[in-house]
Amino acid sequence: MPYERWAPKVFRSSSGIVAGLTTAALAAIGFLAYQASADVPSGLGSSRAADPSTTEAAKAPRDKQHPTALPAASGTGRRVVYSVDDDRVWLVGSGDRVKRTFKVTPGTVDPAPAAYVVTSRSGKITGSDGVAVEHVVRFTNVSGTAIGFSAALNATPPAPAPSKKLGGIRESREDGTAMWEFATIGTRVTVIK
């Protein structure tokens, strides 16, 4: 039988199979997309506070006897706590146990006190101030300025120029490594005064 006679018949019967498979594939993709969106932690990918109801403008109480102690009213559970007034970070594990605390050098733009989540990370980049940094952990942005923790590759980076909008909260390289290992995507970040 010549090609022209049987090809159209074969094409007609296989086109129904292809249409059925395409429909099934699209349904599966739609279901997986819905399932993925339903499992995303609250606030992930958002620059807004994860839970605006937890925003507190008042300064969290401090233990005057132990200034490096985790402040009361800084949230619960596994999280990063950052005090914009004290320039200090606490990495808090399960049971509200402090795994590490350290001083930081903030940029010129501060995040508002609120609860956030880590939305993105970068291994090594050049910061907006031109300084080479590593272990960048971002959790929000303020008027287009990304806010996050990072460690300068140069041990003594220059102080941020007050005229520039800089959101990098700088840590030592050792503290930056600890932050990188602790604060994965979706980790809560509580900013307090």
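This is a predicted model: local features need pLDDT of at least 70, side-chain atom pairs count only at pLDDT 80 or more; totals for chains, interfaces and linings use all residues.
Residues are numbered from 1 along each chain as its sequence is written, and side-chain values use heavy atoms, with hydrogens and water left out.

Back to Glu 171, which is buried and yet has no salt bridge, since its nearest side chain of opposite charge, that of Arg 170, is 8.0 Å away. By buried I mean under 20% relative accessible area, by exposed over 50%, and by partly exposed anything in between, with a 1.4 Å probe and protein chains only. A salt bridge is a side-chain nitrogen of Lys or Arg within 4 Å of a carboxyl oxygen of Asp or Glu, and for charge, Lys and Arg count as positive and Asp and Glu as negative, while His and the chain ends are not counted. If we leave aside neighbours within four places in sequence, the residues in contact with Glu 171, contact meaning heavy atoms within 4.5 Å, include Phe 102, Phe 149, Gly 176 and Met 179.

Now for the chain as a whole. It has two helices and nine strands, and from the N terminus on these run α-β-β-β-β-β-β-β-β-α-β. Of its 193 residues, 33% count as buried, and among the contacts between residues at least 6 apart in sequence, 55% join residues at least 24 apart. The chain exposes about 11200 Å², of which carbon and sulfur atoms supply 58%; these areas come from the Shrake-Rupley method with a 1.4 Å probe, and for residues only the protein chains shown count as cover.

Let me turn to helix H2, residues 173-182, where the buried residues are Asp 175, Gly 176, Ala 178, Met 179 and Phe 182. These five lie on the same side of H2, because they cover an arc of only 160 degrees around the axis, the arc being that of the directions from the helix axis to the C-beta atoms. On the face turned away from that buried side, H2 carries the exposed residues Glu 174 and Glu 181. The strands against which the buried residues of H2 pack include E1 (79-83), E3 (98-103) and E8 (168-171).

Which residues have the most contacts inside the largest nonpolar core? They are Val 80, Val 89, Phe 149 and Met 179, in a core of 22 residues, where a nonpolar core is a set of buried Ala, Val, Leu, Ile, Met, Phe, Trp, Tyr and Cys residues joined through side-chain atoms within 4.5 Å. The largest share of this core, three residues, comes from H2. Val 80, again leaving aside neighbours within four places in sequence, is in contact with residues including Val 89, Phe 149, Met 179 and Phe 182. As background, nonpolar side chains tend to be buried together in soluble globular proteins.

Finally, the salt bridges, of which the structure holds five. In one of them the side chains of Asp 96 and Arg 79 meet at 2.8 Å, N to O; Asp 96 lies in the loop between E2 and E3 and Arg 79 in strand E1, so this pair ties together parts that are 17 residues apart in sequence. Arg 79 is buried, with a relative accessible area of 1%, while Asp 96, at 33%, counts as partly exposed.

Another joins the side chains of Arg 100 and Asp 175 at 2.9 Å, N to O, and it links distant parts of the chain, with Arg 100 in strand E3 and Asp 175 in helix H2, 75 residues apart.

Then there is the pair Asp 129 and Arg 170, whose side chains meet at 3.2 Å, N to O. Asp 129 lies in the loop between strand E5 (120-126) and E6 and Arg 170 in strand E8, so the pair ties together parts that are 41 residues apart in sequence. Salt bridges that share partners also join Arg 100, Glu 174 and Asp 175 into one network.

Note on methods:
Helices (H or I, at least four residues) and strands (E, at least two) are DSSP runs, numbered from the N terminus.
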